[in-house]
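Reader: Could you walk me through this one while I have it open? I'll ask as I go.

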Amino acid sequence: MAEENVLFDDLVGRRGSCRGYAPGPVSSEVLEQIVTTAQRAPSWCNTQPWHTEIVSGAALDRLRKALAEDDRWGSDFEFPGSYEGVYRDRRREVGWQLYEAVGVERGDREGSARQTMLNFDFFGAPHAAFITVPASVGVYALVDVGSYVQTFLLAIESHGLGAIAQAALAQKAEFLRDWFEWDDERKMVCAISFGHPDRDHPANSFRSRRVPVAEAVRFHD
């Protein structure tokens, strides 16, 4: 296997959702490198439809406080009404991995709710990115954003940092639209919280399982 493939496979294999962070911000130089790399993500006809707001420091503290005080809920893109079959099973599996890691027992609704609400505190991360697309570009803009998010996450991992992509923050689209002064054309997709990972945090002690390739891919000769 070529060295480049080994490096890439290792990078992808190391990446995981980070839900606990060590103190201290990421340097402005590294932030610039991360977003420069992410900007190389592919997109339909090179439209590059994503737009990202990165919030840090005192501004993120103000945003945390305002989020906690806001009672509006609703997303720009419809969430699944339910998960069925293998999709439900995979979702439950990783959920129980997380709850077991942080000491939330089965049936503890209050404990699971507290863990969920940590999304809106950005899991204590020093930085949060908010990613939007223009509605006029259509559904394939969301495909492009998926590519951008993955590139962003791998760029973060390549610097030895941690991150988590969060659909939960999309449920605060109305609040975020007011906060950032977006027009109605700009639609909230997801957030990414990131920073220096706390390697000893219990929420970072597990990795979600991937199904075998045979369950996801068919080869035709």
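Reader: Which residue is the bridge partner of Ala128 in β4?

Author: The partner of Ala128 in β4 is Ser193, in a model that is predicted, with local features needing pLDDT of at least 70 and side-chain atom pairs counting only at pLDDT 80 or more, while totals for chains, interfaces and linings use all residues. Residues are numbered from 1 along each chain as its sequence is written, and side-chain values use heavy atoms, with hydrogens and water left out.

Reader: And how many bridges join β2 to β4?

Author: Eight bridges join these two strands, which run antiparallel; strands are DSSP runs of E with at least two residues, helices are runs of H or I with at least four, both numbered from the N terminus, and two strands pair if DSSP finds at least two bridges between them. Val133 stands opposite Lys187 in β4.

Reader: What is the strand order in the sheet?

Author: The sheet is open, with four strands in the order β1-β2-β4-β3 and antiparallel pairing. Its edge strands are β1 (51–56) and β3, each pairing on one side only. β3 (residues 162–166) and β4 share five bridges, and there Gly162 has Gly195 as its partner.

Reader: Is β4 mostly covered or exposed?

Author: Mostly covered, since eight of the 10 residues of β4 are buried, where buried means under 20% relative accessible area, exposed over 50% and partly exposed in between (1.4 Å probe, protein chains only).

Reader: Switching to helices, what do the buried residues of α2 pack against?

Author: They pack against β2 (127–134), α6 and β4 (186–195), contact meaning heavy atoms within 4.5 Å. The buried residues of α2 are Leu31, Ile34 and Ala38. Seen down the axis of α2, they fall within an arc of 60°, so they line one face of the helix; the arc is that of the directions from the helix axis to the C-beta atoms. Turned away from that buried side are the exposed residues Glu29 and Glu32.

Reader: How do the axes of α2 and α6 cross?

Author: The axes of α2 (residues 28–38) and α6 (residues 140–158) come within 8 Å and cross at roughly 145°, with axes fitted to C-alpha atoms, for helices over the stretch in contact, and angles running from 0 to 180 degrees between N-to-C directions.

Reader: Which residues meet there?

Author: Ile34, Val35, Thr37 and Ala38 of α2 meet Tyr148, Thr151, Phe152, Ala155 and Ile156 of α6.
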